[in-house]
Amino acid sequence: MDEVFELDEDEELSLLETLDHVLDHGLVIAGEMTIAVADVDLIYLGLNLLVGSVETVNRVLGERERRAEFPRGRALARPEKATEEGEGTGEGG
Amino acid sequence: MSLYVYCLGDELTAESFEGLRGVGGAPVCVLATGGLAAVVSEFEGEAAEVSAANVRAHNRVNALALARSTPLPFRFGTLAGEHRLAEYVAANEGALLDALARVRGCVEMSVKVRRDAGKAKVKRQKARGGDEEAEAGRDAAAGVDVLKGSAGAGSGTAFLLAKRREILGDEALRRRAEEVAAWLAAGVSDFVRESSVRVGPSESLAVRAAHLVEGVRLDEYRACVHELIGERAELHFLTSGPWPPYSFSRIERE
């Protein structure tokens, strides 16, 4: 993740925009989206710009904490990772 | 071993992705599933790490797909076995084909409108101040003993007054964001097939809009947005695209 901190502002913006699109939207197969979010903390800490990605990151991190507190389903076996299942629909982004 | 899934399409061929590496450096390939083609790569492990390299790899594959036709992109981190993927496509084929028809020939363009964080804070304080004075007048007229600030008030009262000011400030910001969203929507309406807009998601980010724009009208759309940006010097705009239609790939479950 050192790469994140070597980016100049334009590159960082570009990465954040990409992150914002690919994490927040798109098709989802219920229960099949599993991401490791440990490094997102580093991206978050490197931010000086308030763009949508911050909210995405907050939501993912919040979800991780919630699942760690109340583990169930897949998260029960892997509480260190967040499993996202769309925005209340389960499938279809 | 599972598959990392990038996107679905009905006009995607294996030749388009020849030699391309995806998430984790794995070769990208195309898998026929039902009447659709899925762009995938093999993936080892239980979860896709959110790293700059992986996020870029995910987007690189979908951007290449977009250069060939308009795909339905999956979210980052979608892993599925071949059987599970086939099952998903079979169960939702009608909805997926409808979604593909809806976005065909289009790209997603993004417009984010930010207030300057410093200015937003000042405006917020002014909004609170103005509302507080107006409220003080209303309360005094109603014979209510108004507590100015927190002087003489208990900590509970001070907290409630502060909370009230915060809520009123938030409402003022939201109204302002809604005005900006309406202005933007009206400005681009001639060039946009569909929009997905979120208003006032945070204090500094006023509007977050995704526009589905036909590829052949992209230049007109860009010129229009450029002109709109010139009209509102007090706002900051962050525009990006073309993207695969991430914000327009939702389907109704079948």
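I take contact to mean heavy atoms within 4.5 Å.

**Conventions.** I am working from a predicted model, in which local features need pLDDT of at least 70, side-chain atom pairs count only at pLDDT 80 or more, and totals for chains, interfaces and linings use all residues. Residues are numbered from 1 along each chain as its sequence is written, chains are lettered from A in the order in which they are written, and side-chain values use heavy atoms, without hydrogens and water.

**Entry on B:Phe17.** I located B:Phe17 in the loop of chain B between strand S1 (2-9) and strand S2 (28-33); strands are DSSP runs of E, at least two residues, and helices runs of H or I, at least four, numbered from the N terminus. I looked up its contacts: setting aside residues up to four places away in sequence, B:Phe17 touches B:Leu12, B:Val28, B:Val30, B:Val39, B:Val61, B:Leu64 and B:Ala65. The relative accessible area of B:Phe17 is 1%, so I record this residue as buried (under 20% relative accessible area, 1.4 Å probe, protein chains only). From the C-alpha atom of B:Phe17 to that of B:Met1, 16 residues apart along the chain, I noted 21 Å.

**Entry on chain B.** I noted five helices and ten strands in chain B. Of its 254 residues, 45% count as buried. I then looked up the contacts in chain B between residues at least 6 apart in sequence: 76% of them join residues at least 24 apart.

Notes
Buried means under 20% relative accessible area, exposed over 50%, partly exposed in between (1.4 Å probe, protein chains only).
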